[in-house]
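Work through the exercises below with the sequence and the 3D view open. Try each task before reading its solution.

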Amino acid sequence: MIYLKIFKLSNSKSRNSNIYPFNVLKNKEPDVFLFDNITVLYGSNGSGKSTILNIIAHKLNLKGKEKVSRTLDYFEDYASKCDYELGENENGRKITKIPVNSRYIKSEEILYEIRKIQQDAVLKECIESNLARERGLENAKEFLKTKEGEKQFARFKFSQDKYSNGETTMQILEDNIQPDTLYLLDEPEVSLSPQNQVKLAEEINKTSRYLGVQFIIATHSPFILGILNAKIYNLDTKNYKIQKWTELENVRYFYEFFKNKQNEFES
C-alpha cells in the first residue's frame, strides 16, 4: 500500500546558506519524490537523507519526529512550505490521511535502546561477580533468578542510571511496526551484523508485501540495498537520480574491493 505517493521539497531559499536545512540541501535542485511501497534514500554522510526524512516527518506530523528548538525556526518554516500528495486505497479511492500509527524511527533511538541493553548486561555481570565472591558463581546466577535477586538487580539498576530495559534493533522494529501504516526508518542497519542486515531487509520486504506497510528508508548499507525490493534515490547526485543498487558508489566500492581479493578467497 502506498500512503504517501508524492513529496515535493520546497524551492524556498535563505540569504544565509549555512542555516539548517538549507546548509544540507544547498546546491541541490528541489525535487519531487515519487514513492513506492519501499523507497530508499541513499547517500553518503551529509547527503541529506536523514534531513529529508525529518522534513517529511514534520510535514506529516508523524510520531517520532525530531524536536526542533526555537533556534531552528527556519526548519519548521521550510517543512511547512513543502508539499505532498497521498495515495489510493485498494478500491482506487484517494486516501484522506496518513494512518494514525505511522512513525519516524531514528537511528539515535535504536542506538539508545542498544546502549541500555549493554548497560544492563554489564551491570548484571558486576552483580554476579560480587555475589559470586560471597555465594559461588552458580549460586549467584540462581540467586538472580529469584524474586529477591530480581529486586536486588532492580535496585542496583535504578541507583546506577534509572534506565528501563532495552531492546535489540530487530525487536524495536518488530514491536513498533503495525499493519497498514507508513514508516520512515533512518539507517535501521545500525549495530547489525551483515547477516542480520540481510534478515532485516527480508523482513521489511515481507512486511510491506503482506501487511500493507509502506517504508521510506535512509541507508547506505550494501547488504540492505541488495535485498530490498525498493526504488532507490541517489542523494549524492544533484537531482536525486533514481538508480539500481549495483550502480551506487558505496556498493561498487565493496564489489571492487572483494573482486580485487578474489584470488585470496579461492586460494
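**Exercise 1: a covered strand**

Task: Which residues lie on each face of β3, and are they buried or exposed?

Solution. On one side of β3 sit Ile38, Val40 and Tyr42, on the other Thr39 and Leu41; all are buried, so both faces are covered. Buried means under 20% relative accessible area, exposed over 50%, and partly exposed in between (1.4 Å probe, protein chains only). Strands here are DSSP runs of E with at least two residues, helices are runs of H or I with at least four, and both are numbered from the N terminus.

The model is predicted: local features need pLDDT of at least 70, side-chain atom pairs count only at pLDDT 80 or more, and totals for chains, interfaces and linings use all residues. Residues are numbered from 1 along each chain as its sequence is written, and side-chain values use heavy atoms, with hydrogens and water left out.

**Exercise 2: the sheet around β3**

Task: In what order do the six strands of the open sheet run, and which are the edge strands?

Solution. Start with the order. It reads β5-β6-β7-β3-β8-β9, with mixed pairing. Two strands pair if DSSP finds at least two bridges between them. Next, the edges. β5 (103–105) and β9 (241–242) each pair on one side only.

Then take the partners of β3. Strand β3 (residues 38–42) pairs with strand β8 (residues 231–234) in the parallel sense, over four bridges. In that pairing, leucine 41 faces tyrosine 233 of β8. Helix α2 packs on this sheet and touches β3, β5, β6 (182–186) and β7 (214–218). Contact means heavy atoms within 4.5 Å. The direction of α2 makes about 150° with that of β6. Axes are lines fitted to C-alpha atoms, for helices over the stretch in contact, and angles run from 0 to 180 degrees between N-to-C directions.

Finish with β7. β3 and β7 are also joined by four bridges, in the parallel sense. Here isoleucine 38 stands opposite phenylalanine 215 of β7.

**Exercise 3: salt bridges**

Task: How many salt bridges does the structure hold, and which residues meet lysine 94 in the pairs at 2.8 Å and 3.8 Å?

Solution. There are nine salt bridges. Each is a side-chain nitrogen of Lys or Arg within 4 Å of a carboxyl oxygen of Asp or Glu. Lysine 94 meets glutamate 85, with the closest N and O atoms 2.8 Å apart. Lysine 94 also meets glutamate 88, at 3.8 Å, N to O.

Check accessibility. Lysine 94 is partly exposed at 42%. Glutamate 85 is partly exposed at 31%. Glutamate 88 is partly exposed, with 31%.

Now go to helix α10 (residues 249–260). Arginine 252 and glutamate 256 both lie there, four residues apart, about one turn of the helix. Their side chains form a salt bridge at 3.6 Å, N to O. Arginine 252 is partly exposed at 37%, and glutamate 256 is partly exposed at 32%. Elsewhere, shared partners join Lys5, Glu85, Glu88 and Lys94 into one salt-bridge network.
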